[in-house]
Amino acid sequence: MLAAYVAQMAPASRITNCAAFQSADELRRVQRIAYRTVQLSGPPFEIGTARRQRAAWEDAEAFQPLRELIERALVAYDWGEAFTVTNLVIKPRIDRLVNQEIAGTLATANGDPILASIHFSLDEDARWHRAWTTALLRYLIDDIPANAEVVSGWIGKWSPLASRALEAFAGILAEAPVPLDANVVTARITSDVSRDTDSVLKAPPASAVPDTGRAGTDG
C-alpha cells in the first residue's frame, strides 16, 4: 500500500513507473510468503489457520512496533515524506532482516533451503528498489542541495520507531532451533542502512565532482 501510494502521488511518470513495479514486487512477496506458510502448515490446511495468523500479526509482541510504524506511515500524506519513510527507513531495515537474515542466514542454518531460495529472488527485487531510490535521491539533491536536509529531517523523525520495530522483530531470531544473535543482526543492519544513506545524503553534488576524463579520449 505504501509503494502504491508513492506511485500514485509521484510528481513524474518515471517515478510512478518505478514505484508501481516496486508495488507489484511487494505483492509478489506477500504471495510467496503466503504460499510457503500454507506449505509449512502441513496437509490438510486447518480451518482457522488464517485467523490464528492474523491474530499473531495483531497481538504478537514482536510485531507491534512494526505495526505501529507501518500504520503511521500509511497516513504520511506528503509525497516526499511517504517516499522517504517507505524506501529510506522501513524497507532498508525490514528487507534486510526478512530476506537476508530470517529467510537467508537463519533458514539455511535451520535446514530450510526452499525459504532461502524464495527470498534470494525477493532480495534481488529489494536491491533494485534501493538502486532506483538512490538514483532518484541523488538527482533530487543534485538539483536542489537543500533537499538533503529535508530528507534527513524525515529520516530522523521516523528512524527511532523503525529502530524499535527492527529490534522487536529481530527478537524472533532467538526462537529458532539454531538461533542467531538478534543484537548482532540489528547492529549489522543499522550500520548498513546508515552507511548507504550517508553515502547519498553527504555525497558532493555531481557538478562538484571533478571530471577525470574517459578512457580512449584525448587529454
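Guide: Start with the naming: helices are DSSP runs of H or I with at least four residues, numbered from the N terminus. A pocket is an open set of grid points, and its lining residues have an atom within 4 Å of a point. Note also that this is a predicted model.

Visitor: Which helix then gives the largest share of the lining of the second largest pocket?

Guide: That is α6, with six residues. Helices α5, α6 and α8 (182–201) each supply at least two residues there. The second largest pocket has a volume of about 210 Å³ and a lining of 15 residues; Leu88, Arg130, Thr134, Asp196 and Thr197 lie nearest its centre. By class, six of the lining residues are nonpolar, five polar and four charged.

Visitor: How is a pair of packed helices described?

Guide: Two packed helices are described by the angle between their axes and the distance between the axes. Here, α5 (residues 79–109) packs with α6 (residues 113–143) at an angle of about 155 degrees, and their axes are 9 Å apart. Angles over 145 degrees count as roughly antiparallel, so α5 is roughly antiparallel to α6. Their crossing is left-handed. The contact of α5 with α6 has 13 nonpolar, eight polar and six charged residues.

Visitor: What is the volume of the largest pocket, and which residues lie nearest its centre?

Guide: Its volume is about 1,900 Å³. Of the 46 residues that line the largest pocket, Ile33, Trp57, Phe63, Val98 and Phe169 lie nearest its centre. Two or more lining residues come from each of α1 (2–9), α2, α3 (49–59), α4 (64–73), α5 and α6. Helix α2 provides the largest share, 12 residues. The lining of the largest pocket comprises 29 nonpolar, seven polar and 10 charged residues.

Visitor: Which helix gives the most to the lining of the largest cavity, and what classes do the lining residues fall into?

Guide: Helix α6 gives the most, with four residues. The lining of the largest cavity divides into two nonpolar, two polar and five charged residues.

Note on methods: Residues numbered from 1 in each chain as written. Predicted model: local features only at pLDDT ≥ 70, side-chain atom pairs only at ≥ 80, totals over all residues. Heavy atoms only, no water. Axes fitted to C-alpha atoms, helices over the stretch in contact; angles between N-to-C directions. Parallel < 35°, antiparallel > 145°, perpendicular 65-115°, else oblique. Left-handed = near helix turned anticlockwise from the far one by under 90°. Nonpolar A, V, L, I, M, F, W, Y, C, P; charged D, E, K, R; others polar. 1 Å grid on protein atoms, 1.4 Å probe; cavity = no way out; pocket = protein on both sides within 12 Å on 5 of 7 lines; lining within 4 Å. Points joined across faces, edges and corners; volume = space filled by probe spheres on them.
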